Amino acid sequence: MKFHWFHLMPWPYLPDDMRERYDSVYVTLPAKEIYDPVRGHDVYNEYLDELEYADQMGFDGICVNEHHQNGYGTMPSPNIMAATLARRTRTAKLVVMGNSVALYNPPIRVAEEMAMLDVISGGRLIAGFPVGTPMDTVYCYGQNPATLREKYYEGVDLILKAWRSDEMFSFNGKYTQLRYVNPWPRPIQQPHPPVWIPGGGSVETGEWCARNDFLYAYLSFFGYQMARKTMDMYWEAVDRVGVDHNPYRAGFVQFVGVADSDAEAEKLYSEAGLYFHNRCFYISPRYFQAPGYLSIETMLKGMKSQMKAAAEMQAPDLTWKQIIERGYIIAGSPDTVADQLTELADTLNVGHLMVMLHYGNMPKETVLHNTELFATKVMPKLRDKFSDWEDRWWPTDTLSELATPAPLTVGV
Amino acid sequence: MATATFTDEIVSLPNGRSQVVFRGGAGDPVVYLHGGGGLVLEDPLLGALERTNEVIAPVAPGFIDLADLEEIQDVHELAMHYDDLFEALGLEGVPVVGHSFGGMTGAELAAHYPRRISRLVLIAPVGLWNDSYPVADLFAALPTELPGLLFADTSHPAAQAMIAGGEGEPDIEALMPLMRGLTTLAKFMWPIPDRGLSRRLWRIRVPTLLLWGGDDALVPARYAEDWGAAIAETSTVIVEGAGHIPTVESPEQTLAAITGFLSGVAVS
């Protein structure tokens, strides 16, 4: 089993009364009122410290992702974060989860930037291609929900063709036309870095991943208990395509808080957990959907559960007890956490576990504590899980000798 | 008011596509292009029109099957699709009445293929954008906000029916036609319902009636000024106290203005 340290980079100074004053943490939360760039300087640098610490503590991957115009994740460009991490980390793979392909014009930009990251990091990049949430894609970036998915699929096709092709080619797409496709640089990993697809549980995405041999990562953020139905649907899709149940073709995100005891866990993590659910996840349902964003088929299968999830996100009075009981966050002693993660791995059949060890407004020292306990007390208990399976969704061309950045000198 | 008696048929187009059309009444043809809610045969306007005319009401592509939109990429191809339909039905120089999204469609058809249309009635059309009074974001509206966006008086029975329909567990199957309709609208209106129509409106030379509910919360009635300034020969009727669907909310004044305009009687 592999473990990845995932940062959302939320804004940690969302006001206590934001639910009374504002409509949504996403899309319309006024940047001028809430975002303070001077504080942001420390916030970004602390968050990067935390990701770098995860590299030192032996996590297999460190994850960054893309969100726009919100206080939930202040990372419109995950590539910028990955670029700084490429110079300051040595072993962890850089899991960019990822670039919302339809937002880049032309999408060949993604092939270029990801190749840059792969080359700078010495072949450590994992290339994630999400469609992107409705908030990000259609509300903040004005993409047309009726054609977003088609544009996304075409963009992914273009990027992969650019990486795989030995020759320059012309691309006459519906959404992108390029006379000369010949991107520089090329990635170290040949023909291209592993492709991971973050998804929210749509029917077609899982099947598309299985057919193309992409890793499917279910980013529910509501914990493994709620994820069972969606992951069952994914493995059914895998069966329809006729490929194996290799757990490494699946990823899952789980919020975790490790402490010396279960009681200590509540003391350490409840404020941050409640901050995440009550503030970071305060997303207005008006931006949580858009006509055409989901296919009719997915809507028929999943709309009720999605509406339920959306309603739960809006619940202003969620308690720590509910968060724990529903499994949104696994918190407790190393044994408690390891037991539940074993159950997660067994029930969902997931080989790539992305853990959120920072959430909400968790202070840096708590994040480092959580990370250390997870790495030293939890990871070893689960390491050997799924060791019979080959992980074919993992970088294999990473350079054995990485260039060493020059040390900081002047003016420090 | 009696409900219109319509029958539906499938019209084959030469490019292999087909188009569902409802027909009712007898006499000189009038084409009706429905708005975002789909073709509602109970709309008093259809009953009024079919008393004097043959009413031809196509169901906009996408509203029955989203696959019908695959070959219709933009408003230009949408106008072309209607030109094909008019050709198949032998319609040349006929009056067209369009509501909201149907108004935009009618205006695009008139601007692209001026000879198809003899008179144009635009009821609260979308298609123009003015920063001073933006069109409301229908797509981001919560279901509970829709009655207030569409009706001036939410105690009107049609608004009340909409409110009642939105209560309780959503019936996903029943919502599908609405979702198809909204997806169609999104294709041609997202994120701002302006596809350059203002640059083409000068091509509309036929008499045009601009009809608006004075309290339209979705597409403010002030847009009548923008349309009026861009089209050569317009009359404007603002129905005070009505919202975005004046044919339902204030049928008497609305229908009189439309039928009067279509029969060539001057309106004011």
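The model is predicted. Chain A and chain B bury about 1,800 Å² between them, and the structure holds 25 salt bridges over all chains.

**Overall form of chain A**

- Taken along the principal axes, the C-alpha atoms of chain A fill a box of roughly 60 × 50 × 50 Å.
- Of the 412 residues in chain A, 59% are buried.
- Among contacts in chain A with a separation of 6 or more, 79% are between residues 24 or more positions apart.

**Interface of chain B and chain A**

- The interface brings 24 residues of chain B into contact with 23 residues of chain A.
- Carbon and sulfur atoms account for 72% of the area buried between the two chains.
- The rule finds 1 salt bridge across this interface: the side chains of B:Glu145 and A:Arg286 meet with an N to O distance of 2.7 Å.
- Between chain B and chain A, 9 residue pairs are in polar contact, with both residues at pLDDT 80 or more.
- On the side of chain B that touches chain A, the residues divide by class into 14 nonpolar, 2 polar and 8 charged.

**A:Gln254, a buried polar side chain in chain A**

- A:Gln254 is placed in strand 9 of chain A, which spans residues 250–258.
- Its relative accessibility is 0%, so A:Gln254 counts as buried.
- The side chain of A:Gln254 reaches two backbone atoms: the nitrogen of A:Tyr224 at 3.0 Å and the oxygen of A:Tyr328 at 3.3 Å.
- Beyond its neighbours within four places in sequence, A:Gln254 is in contact with residues including A:Gly223, A:Tyr224, A:Tyr328, A:Ile330, A:Leu341, A:Leu353 and A:Met356.

- B:Leu211 is found in strand 7 of chain B and is buried, with a relative accessible area of 0%.
- Not counting residues up to four places away in sequence, the residues that B:Leu211 touches include B:Leu122, B:Ile123, B:Val237, B:Val239, B:Pro246 and B:Ile258.
- B:Ile258 is 47 residues from B:Leu211 in sequence, and their C-alpha atoms are 8.3 Å apart.
- B:Pro207 lies in the loop between helix 6 (172–189) and strand 7 (208–213) of chain B.
- At 18% relative accessibility, B:Pro207 counts as buried because the limit for that class is under 20%.
- Apart from neighbours within four places in sequence, B:Pro207 is in contact with B:Ser118, B:Arg119, B:Leu120, B:Glu233 and B:Phe261.

**Salt bridges within chain A**

- A:Asp391 and A:Lys2 meet through their side chains in a salt bridge of 2.9 Å, N to O.
- A:Asp391 lies in the segment after helix 14 (364–382) and A:Lys2 in strand 1 (residues 2–6), so this pair ties together parts of chain A that are 389 residues apart in sequence.
- Both A:Asp391 and A:Lys2 are buried.
- A second salt bridge joins the side chains of A:Asp213 and A:Arg249 at 3.2 Å, N to O.
- A:Asp213 is in the loop between helix 8 (203–212) and strand 8 (215–218), and A:Arg249 is in the loop between helix 9 (223–241) and strand 9, so the pair ties together parts that are 36 residues apart in sequence.
- A:Asp213 counts as partly exposed at 31% relative accessibility, whereas A:Arg249 counts as buried at 1%.
- A:Asp213 also forms a salt bridge with A:Arg392, with the closest N and O atoms 2.8 Å apart.
- This pair links distant parts of the chain, 179 residues apart, with A:Arg392 in the segment after helix 14 and A:Asp213 in the loop between helix 8 and strand 8.
- A:Arg392 counts as partly exposed, at 39% relative accessibility.
- Through shared partners, salt bridges join A:Asp213, A:Asp244, A:Arg249 and A:Arg392 into one network.

Technical notes. Residues numbered from 1 in each chain as written. Chains lettered and ligands numbered in written order. Predicted model: local features only at pLDDT ≥ 70, side-chain atom pairs only at ≥ 80, totals over all residues. Heavy atoms only, no water. Contact = heavy atoms within 4.5 Å. Buried area = accessible area lost by both parts, 1.4 Å probe. Salt bridge = Lys/Arg side-chain N within 4 Å of Asp/Glu carboxyl O. Polar contact = N/O pair within 3.5 Å; in protein donor to acceptor, adjacent residues only side chain to side chain. Nonpolar A, V, L, I, M, F, W, Y, C, P; charged D, E, K, R; others polar. Buried < 20%, exposed > 50% of the residue type's maximum accessible area, 1.4 Å probe, protein only. Helix = DSSP H or I, 4+ residues; strand = E, 2+ residues; numbered from the N terminus.
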